[in-house]
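Please read it with the sequence and the model at hand.

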Amino acid sequence: MGASEEPVLEARQVTKRFPGVVALDGVSFAVLPGEVHALVGENGAGKSTLIKVFTGVYRPDGGELRYQGERVAFGTPLEAQRSGISTIYQEVNLVPMMSVARNLLLGREPRNRLGVIDATRMYAEAEALLAGYGVRTDVRRPLRTLGMGAQQMVALARAISVDARVVIMDEPTSSLEPREVETLFGVIRRLRDDGIAVVYVSHRLDELYQVCDRVTVLRDGRLAHTGPMAGLDRLRLISLMLGRALDEVRTSGATRFSRDHDAEATGAPVMEARSLTSRHVLRDVSVSVRPGEVVGLGGLLGAGRSETAKAILGALPLDSGVVLVAGLPLRRGSTTTAIRAGVSLLPEDRKAEGIIPNLSVRENIVLASLSRLARGGVVSDARVDEVVDAFIRKLRIKASSPHQKVSELSGGNQQKVLLARWLAVRPKVLLLDEPTRGIDVGAKAEVQALIDELADEGLGVLLISSDLEELAEGSDRIIVLREGAVVAELSGADVTEQGIMTSIAHHSPTSGPLAVEPVTRADHSSKAESHD
Amino acid sequence: MMTDSEVLPAHDAPAARTAAAARREHVGRLLQHHGALIVLAVLVVVGSVAFDFFATPENAASVVVSSSFLAIIALGMTFVIISGGIDLSVGSLFVLGGVLAAYGSQAGVVVALLLPLAVCGTFGLVQGLIIARTGMAPFIVTLAGLLGVRGLMLALSNEGATTYLVKNPAFAALGQGELFGLTYPVYIAAALALLCMLLLQRTGFGQNVFAIGGNEHAATLMGVPVVRTKVLVYLMSGLLAGLAGALNAARLSSGVTILGIGLELDVIAAVVIGGTLLTGGAGSVTGTVSGVLLLGVIQSLINQIGDLTSSFQQVVSGGFLALVVIAQRLLSKAQRLN
């Protein structure tokens with residue numbers, strides 16, 4: 001890899017806007033032949049948008065795309081693919097019911113003299129091709145009977161065998177076993193040696209340090225950093241991703257949390273999750289929340305925070321583990337039982353999993369508690385009005401009337417309507433997944449103040465937030481997750497932004513092939529770093 | 001902080017599980033592909049033992065002959081369903097094909113064959129274009145086709161008052177001529193089945209049909225010409241339905257207008273009983289042929305049991321179809337668990 005080499009794929013000052021959002025704001029990114037380039041960033045950083053611009057799914061609004069030295073504009077994913085840019089998606093994009101060989105060679109099957117597919121040769125070719133990637137399997141089997149790792153390898157083999165110059169991998173390891181990851185890394189290194197450029201997207205820091213030569217960090221649609229991987233301190237990488245400079249961590253921030261969070265809550269936990277385990281997602285995660293306590297869940301994107309909340313509610317299939325509410329175990333996999341027992345979840349994706357836009361504020365608020373407000377199956381209007389009015393006042397929801405459509409409210413007020421919906425079922429423990437994302441500063445402060453109030457009233461709160469300041473100032477205790485496992489528990493004076501980042505950066509708990517030697521932290525001269 | 005003592009899951013356990021899973025998968029696939037054939041064999045044996053008349057050459061010939069028309073339509077339907085679609089218009093096209101063939105036979109054999117093929121093929125083509133280009137649901141598009149074609153057929157035959165008779169002996173021979181005790185349509189159906197088998201398994205077109213039905217999004221990303229393939233599939237279905245109608249008119253020496261109502265459902269039932277997944281992505285021509293013959297044998301057996309009216313054939317077929325769909329559901333569930 002030489003620095004003087006011409007980039008094979010390059011984005012220059014690329015801008016992409018969506019209604020109401022600037023997903024990419026003048027981002028420049030270049031990948032050289034024969035390098036593995038990590039692309040990282042948290043939710044909303046613009047990674048996926050950039051990939052979609054490269055692969056012809058989106059057209060940029062500004063800036064230019066250069067491929068092999070020439071300006072290009074890909075109209076469709078197929079066009080990008082034909083030019084030599086292959087993408088391997090997190091979800092294997094093959095046909096599960098077709099055989100391995102047919103998937104691998106679809107569209108390029110060997111023919112005999114009559115122009116008919118030569119099955120014998122097809123199977124032989126497929127077998128030889130896969131053997132090159134360390135996969136030995138009966139290529140006549142339907143693809144879906146293979147493990148995820150082998151399927152991913154088939155996708156990879158197909159992608160590369162169509163003469164790719166650039167291979168983009170979007171979280172390729174998220175469903176792989178450690179030894180499958182090793183095989184994948186072997187293939188990636190071979191690609192690099194063959195002069196193919198690899199763009200590698202992952203949230204697993206260990207993997208980045210293990211296979212990547214350079215890294216580009218995006219944050220909020222802007223370029224935050226680009227430079228060599230080696231010598232980049234882990235803590236620094238995390239602070240770049242999260243946007244919290246190490247030296248500017250404030251002791252008292254701009255949040256509206258006012259409670260004294262240093263006092264440790266006592267008493268029996270109102271909710272206790274024990275050893276929640278789900279293959280590839282959660283590993284032995286235990287969390288407990290006491291009445292009146294705010295427990296924070298920290299970690300990077302993909303660490304298993306939302307999954308933990310969903311598992312507690314019973315919305316994520318578990319291999320093992322138990323959730324106790326007020327000392328009684330919940331039936332696994334039943335959200336109804338969990339809600340009845342007093343667990344409420346304010347989901348991360350307000351639009352998809354929460355509000356029903358065409359219903360009124362009133363209808364949205366009482367949606368989950370109708371049975372509570374009904375007598376003999378008939379809902380009492382008077383009682384509904386009573387509840388709705390109480391919550392509109394208590395949560396300071398700004399709506400012209402309870403009958404206004406929820407879709408007409410601001411994001412912050414929509415969030416409050418959702419909060420009201422779940423408070424109306426009188427929960428014992430409230431799971432808040434990114435409660436202040438995407439709402440304006442004023443509403444954010446109000447929601448934060450509300451969380452305090454609710455805890456003061458004795459509710460147990462589990463708070464998930466990517467906003468480190470919010471997490472550190474709003475929580476009494478913080479559980480830090482990484483790759484689906486608990487890596488640290490912070491309490492008392494340790495509940496700081498610095499403490500969270502240090503825990504995330506800490507060496508992987510996984511033993512085995514995934515683990516790598518810690519990178520030397522001495523060299524931090526930041527020669528090749530650039531900031532926007 | 002975690003210690004290094006935390007171990008990764010051992011790799012030997014999955015290996016043992018994989019062997020058992022592979023066996024289950026194998027049995028599952030066998031049942032999926034040849035379930036109809038196995039049941040067909042069992043029914044034939046039981047029928048031969050129970051009824052003297054059943055295992056005669058005459059009865060076997062009558063089952064095969066009457067199944068051949070359904071089989072020709074079902075071949076096209078197999079491609080449509082594997083591609084993830086459905087074609088409800090084939091019953092109407094079958095009847096229209098018959099009327100057009102009888103009408104055209106006044107002008108000779110060539111016209112009697114080409115007229116229904118041209119008209120029914122055009123209907124299939126247009127339906128395919130609408131489905132593939134606009135992304136409209138095949139169910140709705142071909143339901144519209146079913147109603148429209150039926151109306152057109154009624155208009156052609158003055159609401160069924162006019163029946164065109166086949167007076168051309170050459171054309172009638174196409175449906176009635178015999179070779180080794182079987183009429184020509186049986187051989188035509190068999191030849192088409194072989195051709196379709198080759199098309200489905202051994203050509204790029206066949207692979208594309210499987211890929212689209214298995215995962216359309218992935219197929220697009222893999223460079224499969226989705227629109228062209230879908231259009232061809234519906235064109236083929238229309239052509240085969242028209243051909244079956246023409247042959248049937250030749251057999252009956254007239255373009256009968258009342259037949260064919262609800263025929264599309266029999267065709268779909270035969271294809272699904274033959275192991276083709278209604279959700280697309282899997283299926284076979286041999287399965288479809290077995291499914292068609294199975295329906296024929298059930299009908300023949302019901303006829304042997306004198307007390308039962310032929311209406312019971314539909315009760316049995318319906319029950320059998322339900323069983324097949326439940327079995328498919330269980331099989332695919334078992335396979336997903338691996």
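**Notes on the predicted model**

1. B:Ile140 is partly exposed, because its relative accessibility is 48% and the term covers values between the limits for buried (under 20% relative accessible area) and exposed (over 50%), with a 1.4 Å probe and protein chains only. The residue belongs to helix H5 of chain B; helices (H or I, at least four residues) and strands (E, at least two) are DSSP runs, numbered from the N terminus.

2. This is a predicted model, in which local features need pLDDT of at least 70 and side-chain atom pairs count only at pLDDT 80 or more, while totals for chains, interfaces and linings use all residues. Residues are numbered from 1 along each chain as its sequence is written, chains are lettered from A and ligands numbered from 1 in the order in which they are written, and side-chain values use heavy atoms, with hydrogens and water left out.

3. B:Ile140 is one of the residues of a nonpolar surface patch of about 600 Å², together with B:Val126, B:Ile130, B:Met136, B:Phe139, B:Leu143 and B:Leu147. Patches consist of residues with over 30% relative accessible area and no salt bridge, where like charges are joined within 9 Å and nonpolar side chains (Val, Leu, Ile, Met, Phe, Trp, Tyr) within 5 Å; a salt bridge is a side-chain nitrogen of Lys or Arg within 4 Å of a carboxyl oxygen of Asp or Glu. Helix H4 (109–134) and helix H5 (138–156) of chain B each contribute at least two residues to the patch, and H5(B) gives the largest share, with four.

4. Chain B as a whole contains 13 helices and two strands. Of its 338 residues, 49% are buried. The chain exposes about 15,500 Å², of which 70% is supplied by carbon and sulfur atoms; accessible areas come from the Shrake-Rupley method with a 1.4 Å probe, and for residues only the protein chains shown count as cover. Among contacts (heavy atoms within 4.5 Å) in chain B between residues at least 6 apart in sequence, 76% join residues at least 24 apart.

5. B:Ser68, in helix H2 (residues 57–82) of chain B, is buried at a relative accessible area of 3%. Its side chain reaches the backbone oxygen of B:Val65 at 2.7 Å. Apart from neighbours within four places in sequence, B:Ser68 is in contact with B:Pro185, B:Val186 and B:Ala189.

6. B:Gly85 sits in the loop between H2 and helix H3 (90–104) of chain B and counts as buried at 7% relative accessibility. Residues up to four places away in sequence aside, B:Gly85 touches B:Val80, B:Pro138 and B:Tyr234. Its C-alpha atom is separated by 9.9 Å from that of B:Ile212, 127 residues apart along the chain.

7. In chain A, strand S13 (residues 294–298) is largely enclosed by the rest of the structure, because five of its five residues are buried. A:Val294, A:Gly296 and A:Gly298 are buried on one side, and A:Val295 and A:Leu297 on the other. In a regular strand the side chains alternate between the two faces of the sheet.

8. Which strands pair with S13(A)? Strand S20 (residues 460–464) of chain A runs parallel to S13(A) and is joined to it by four bridges, with A:Leu463 as the bridge partner of A:Gly296. Strand S21 (residues 477–482) of chain A also pairs with S13(A) in the parallel sense, over four bridges, and A:Val480 in S21(A) stands opposite A:Gly298. Pairing requires that DSSP find at least two bridges between two strands.

9. An open sheet in chain A has four strands in the order S12-S11-S14-S15, with antiparallel pairing. Strand S12 (282–289) and strand S15 (328–329) of chain A each have a single partner strand and stand at the edges, so one side of each is left without a neighbour in the sheet. Strand S11 (residues 271–278) of chain A pairs with S12(A) over five antiparallel bridges; A:Met271 has A:Val289 as its bridge partner in S12(A).

10. Helix H17 (residues 497–505) of chain A has seven of its nine residues buried, so it is largely enclosed by the rest of the structure. The buried residues of H17(A) pack against helix H8 (234–242), helix H16 (468–474), S21 and strand S22 (485–491) of chain A.

Methods
A polar contact is a pair of N or O atoms within 3.5 Å; within protein, one must be able to donate a hydrogen and the other to accept it, and residues adjacent in sequence count only if both atoms are side-chain atoms.
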